[in-house]
Amino acid sequence: MHTDIDIADNVFAAKISLLEFLAERGWRPLRDEGREEVAGLCPLHKDSHPSFYVNRRKQVFYCHGCGTGGGLRKLMGLLGAPLSLPHDRAQLLEAVYGFYANRLARFEQARAYLHKRGIHDPAVIGRMRIGYTPGACLRAYLEGLGYRRETLCECGLIDTRGRDVFFRCLTFPLERAANLYGRSIAGSICRHRFLPGSKGGLYGWAQALAFPAVVVVEGLFDVAALWQAGFPNAVAALGSHLNNGQIAELCRFGQRMVYICFDADRNGSGQRAAHRLSVQLRHAGIEARRVGLPDGHDPAGFFAHGATAGDFRRCLDRARP
């Protein structure tokens with residue numbers, strides 16, 4: 001597992017390399033044979049021979065004269081450089097995704113909630129990059145990477161008091177949309193959170209294109225449960241109302257089957273949404289069928305209460321237009 005320092009240095013390296021940073025400050029290598037390492041005079045002490053080495057691939061430095069070494073962030077601190085590297089939303093969120101994923105293994109209450117929802121396969125958890133937000137630490141971490149507090153507020157990651165907006169949430173990166181979904185495990189009124197902006201297309205869509213049928217579900221826990229049970233063609237709409245982009249993706253699905261497996265809400269809202277979607281798709285020439293689950297269940301809950309892959313296949317077999 002990567003440490004926070006590993007993640008931080010990787011994010012820095014994605015923005016500017018050690019050699020680029022040193023070149024901006026007038027440092028030039030005295031020995032460069034085109035290999036991984038170059039050598040020059042150490043910028044940290046009075047040096048008469050080239051004792052300062054930089055590894056291009058690993059993005060680390062070490063001085064054999066003064067014994068100092070590390071990554072870009074450490075060198076910037078030693079040279080008194082401001083941590084104000086250029087950034088964009090995708091780079092910022094990549095740092096956030098890694099930071100939160102790194103914390104999931106450290107908090108038993110987060111892992112217990114996942115198990116309660118029936119999600120336990122490390123491969124699925126890793127692939128979805130599920131994380132956890134304990135709170136009171138994201139702002140300091142990102143400011144240490146050079147991001148300004150105002151930028152974090154504008155992106156919706158912290159509030160005006162500097163507090164983590166996703167406090168005590170399990171998090172799911174939405175890379176295609178440059179967004180983030182959070183599910184509160186604290187029983188708060190606002191259980192579902194997104195950053196400002198679009199939720200994007202159907203989650204898992206690229207993988208589903210390899211199959212002759214797709215199973216559309218509402219939530220990311222549902223996708224996780226189905227992937228875990230052996231249904232890699234499951235995609236999430238992130239709610240029961242699809243946006244225009246998600247509808248367009250399904251309408252480009254060609255002659256393949258679309259199964260709509262929304263929550264079996266006791267008030268019937270999931271079933272009504274599934275019916276509306278099936279009508280839309282059929283009018284667009286797409287074969288769509290609605291999958292019925294026991295009352296009160298969503299797909300994740302269906303498996304968490306003991307259903308098997310065979311049980312779900314039978315639900316698919318019984319699906320109706």
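S184 counts as buried in this predicted model, at 4% relative accessibility, where buried means under 20% relative accessible area, exposed over 50% and partly exposed in between (1.4 Å probe, protein chains only). The residue sits in strand 7, which runs over residues 179-184; here helices (H or I, at least four residues) and strands (E, at least two) are DSSP runs, numbered from the N terminus. Contact means heavy atoms within 4.5 Å, and S184 touches Y113, R168, C169, C190 and R191, not counting residues up to four places away in sequence. A polar atom of the S184 side chain also lies 3.1 Å from the backbone nitrogen of A186. Such a polar contact is a pair of N or O atoms within 3.5 Å; within protein, one must be able to donate a hydrogen and the other to accept it, and residues adjacent in sequence count only if both atoms are side-chain atoms.

Residues are numbered from 1 along each chain as its sequence is written, and side-chain values use heavy atoms, with hydrogens and water left out. Because the model is predicted, local features need pLDDT of at least 70 and side-chain atom pairs count only at pLDDT 80 or more, while totals for chains, interfaces and linings use all residues.

Turning to the whole chain, the protein has 14 helices and twelve strands. Its C-alpha trace spans about 80 × 40 × 35 Å along the principal axes. Of the 321 residues in the protein chain, 49% are buried. Among contacts between residues at least 6 apart in sequence, 60% join residues at least 24 apart. The chain exposes about 15600 Å², of which carbon and sulfur atoms supply 52%; accessible areas come from the Shrake-Rupley method with a 1.4 Å probe, and for residues only the protein chains shown count as cover.

In soluble globular proteins, nonpolar side chains tend to be buried together. A nonpolar core is defined as a set of buried Ala, Val, Leu, Ile, Met, Phe, Trp, Tyr and Cys residues joined through side-chain atoms within 4.5 Å. The largest one here has 45 residues, and those with the most contacts inside it are M128, L170, L220 and F312. Helix 10 (residues 220-229) gives this core its largest share, seven residues. Leaving aside neighbours within four places in sequence, L220 is in contact with M128, F172, L174, Y181, Y203, A236 and L238.

In helix 5 (residues 108-116), the buried residues are A110, Y113 and L114. Seen down the axis, they fall within an arc of 100 degrees, so they line one face of helix 5; the arc is that of the directions from the helix axis to the C-beta atoms. The face turned away from this buried side carries the exposed residues H115 and K116. Cover for the buried residues of helix 5 includes helix 4 (89-104), helix 6 (122-128), strand 5 (131-132), strand 6 (169-174), strand 7 and helix 10. Just after helix 5, G118 takes a positive phi of about 85 degrees.

In helix 11 (residues 244-251), Q246, I247, E249 and L250 are the buried residues. Their arc around the axis is only 155 degrees, which puts them on the same side of helix 11. Among the elements that cover them are helix 9 (205-208), strand 9 (213-217) and helix 12 (269-283). At the N-terminal end, N243 caps helix 11, with a side-chain oxygen 3.1 Å from the backbone nitrogen of G245.

D265 lies in the loop between strand 11 and helix 12 and is partly exposed, at 25% relative accessibility. The side chain of D265 makes a polar contact of 3.1 Å with that of S269 and reaches the backbone nitrogen of G270 at 2.9 Å. D265 and L293 are 28 residues apart in sequence, with their C-alpha atoms 9.6 Å apart in space.

Finally, the cysteines deserve a look. The structure holds zero disulfides, a disulfide being a pair of cysteine sulfur atoms within 2.5 Å. The sulfur of C42 is 3.6 Å from the closest cysteine sulfur, in C63, which is too far for a bond. C42 is buried with a relative accessible area of 6%, and C63 is buried with a value of 0%.
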